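I opened the model to look up its strands and their pairing. My notes follow.

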Amino acid sequence: MKVNIKPLQDRVLVAPAEAEQKTAGGIIIPDTAKEKPQKGTVVAVGPGKKDEPMTVKVGDTVLYGKYSGTEFQLDGETYLIMKESDIYAIV
């Protein structure tokens, strides 16, 4: 996925994963009951702060907080931009 956005400083651009469509038991989840995904793929990474290099890289699958970052639309796709400190783990 190629995007013409370059995050600044310690910001990361993430493409969130799709929300679950079914439960483990096979029950279909309606749109109103779907939870916001907390997992996504890093699409772009800023250069980092002066003395703090970035630890995530493009292509990493990451876990982040449910309400982390700012969601926006670009070319029909949904993205989140957040600080690297909002990312909990690389999967």
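Where in the chain is confidence lowest, and where is it highest? I looked up pLDDT, the predictor's confidence in each residue, from 0 to 100. The lowest mean is 88, in β4, and the highest is 94, in strand β3 (residues 61-64). The chain average is 85, and 85% of the residues score at least 70.

I noted the ground rules. Residues are numbered from 1 along each chain as its sequence is written. The model is predicted, so local features need pLDDT of at least 70, side-chain atom pairs count only at pLDDT 80 or more, and totals for chains, interfaces and linings use all residues, while side-chain values use heavy atoms, with hydrogens and water left out.

Next I traced the sheet. Strands are DSSP runs (E, at least two residues), numbered from the N terminus. Two of them pair if DSSP finds at least two bridges between them. I found 6 strands in an open sheet, ordered β4-β5-β1-β2-β3-β6, with antiparallel pairing. β4 (70-74) and β6 (87-90) are the edges; each has a single partner strand, so one side of each lacks a neighbour in the sheet. From one strand to the next, the twist averages 40° (axes are lines fitted to C-alpha atoms; angles run from 0 to 180 degrees between N-to-C directions).

Then I checked β5. Strand β1 (residues 11-16) joins β5 (residues 77-83) through 4 bridges, antiparallel. Valine 12 has methionine 82 in β5 as its bridge partner. On β4, I counted 5 bridges to β5, also antiparallel. Glutamate 71 sits opposite leucine 80 of β5.

Last, the turn. The hairpin of β4 and β5 has 2 residues between the strands, and aspartate 75 takes a positive phi near 55° there.
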